[in-house]
Structure formats: C-alpha cells, structure tokens
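I opened my notebook to look at how one protein chain is put together. I wanted to start with the sheet, then turn to the helices, then to one loop.

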Amino acid sequence: MTSLTGRALRLTVYIGEDDTWHHKPLYSEIVHRAHAAGLAGASVFRGIEGFGASSRIHTSRLLSLSEDLPVAVVVVDTEERVRAFLPQLDELVREGLVTLDECEVVRYVGRAAGQGPAGSHGEGSP
C-alpha cells in the first residue's frame, strides 16, 4: 500500500489537446513518463475554453473552434521526486506552461497492484 501525506509539490503542465510527441498525444506521453518515473499519480483535465501564449481562444462551444482545447496534466508527489522529473518535461514541452505549487497532501492512499477498487476488501479482509 502506498501513502503520501504532508508537504508536497503540485506540478501542472498546461498544453493543447492536439500537442503531440512522436505522433502520440503529448498529455499521454507525460502521464506514461510520470508513471515510469514512479511518481504518486498523474491526472489529465480537459478544459472547455482557454487561451495561452498564442492569444487564440479555444472553446468547445463552437464546432469550428473546438479543436486543440486546453489540457492540464497534474502531478502531485514529494518535492524531490517532482523536481527530478522536470528534465523530462524540458524535452517534451515545446509550447505550453509548466507551474509548481507547494501543497499539503491530507490523504493519499494507493492500493497495491492486483487489489480491487478502492474501498473494497478481498476475501478474508475485515
């Protein structure tokens, strides 16, 4: 069982949905690399509207502008582990915004590989 509590660092990578790395979605590559690096977890959030350095507004409200919606990839782990991951982002993120925020993890409990969904107990468990 994995747990993480106390001071942590939140890494957020803001990119476009259409950004790619070797013909794969960039957000997917970031998540897979975060997993391979042993980080506590990563989530991808798709925005419904936004703009960045290009100043072009992307929105899901108009079909003609529904391409390349904003995406945020969020990773939370210890400061040491997040900072060790940053060189990989230097390689991957050509356009976008990368931010770091100190945060406090109140509860994070992961399950070991092979366990059922969170909150369920296997046979013989209380």
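Before reading the sheet, I noted the rule that two strands pair if DSSP finds at least two bridges between them. I also noted that this is a predicted model.

**Entry 1: the sheet**

I looked up the strand order. Four strands form an open sheet, and the order is β5-β8-β2-β9. The pairing is antiparallel.

Which strands stand at the edges? I found β5 (42–46) and β9 (97–105) there. Each has a single partner strand, so one side of each is left without a neighbour in the sheet.

β2 and β9 pair in the antiparallel sense, and I read nine bridges for them.

**Entry 2: helix against helix**

Two packed helices are described by the angle between their axes and the distance between the axes. I looked up both values. Helix α1 (residues 26–36) and helix α2 (residues 79–92) pack at an angle of about 160 degrees. Their axes are 11 Å apart. That angle makes α1 roughly antiparallel to α2, because angles over 145 degrees count as such.

The crossing of α1 past α2 is right-handed. Which residues make the contact? From α1 I listed Leu26, Glu29, Ile30, Arg33 and Ala34. From α2 I listed Phe85, Gln88, Leu89, Glu91 and Leu92. I sorted the residues of this contact into six nonpolar, one polar and three charged.

**Entry 3: a loop residue**

Where is Asp19 found? I located Asp19 in the loop between β2 (6–16) and β3 (20–21). Its side chain reaches the backbone nitrogen of Gly16 at 2.9 Å.

I then left aside the neighbours of Asp19 within four places in sequence. Asp19 is in contact with Lys24, Pro25, Leu26, Asp68 and Glu95. Leu26 was already on my list for the contact of α1 with α2.

Technical notes. Residues are numbered from 1 along each chain as its sequence is written. This is a predicted model: local features need pLDDT of at least 70, side-chain atom pairs count only at pLDDT 80 or more; totals for chains, interfaces and linings use all residues. Side-chain values use heavy atoms; hydrogens and water are left out. Axes are lines fitted to C-alpha atoms, for helices over the stretch in contact, and angles run from 0 to 180 degrees between N-to-C directions. Helices (H or I, at least four residues) and strands (E, at least two) are DSSP runs, numbered from the N terminus. Angles under 35 degrees count as roughly parallel, over 145 as roughly antiparallel, 65 to 115 as roughly perpendicular and the rest as oblique. A crossing is left-handed if the near helix is turned anticlockwise from the far one by less than a right angle, and right-handed if clockwise. Contact means heavy atoms within 4.5 Å. Ala, Val, Leu, Ile, Met, Phe, Trp, Tyr, Cys and Pro count as nonpolar, Asp, Glu, Lys and Arg as charged, and the others, Gly among them, as polar. A polar contact is a pair of N or O atoms within 3.5 Å; within protein, one must be able to donate a hydrogen and the other to accept it, and residues adjacent in sequence count only if both atoms are side-chain atoms.
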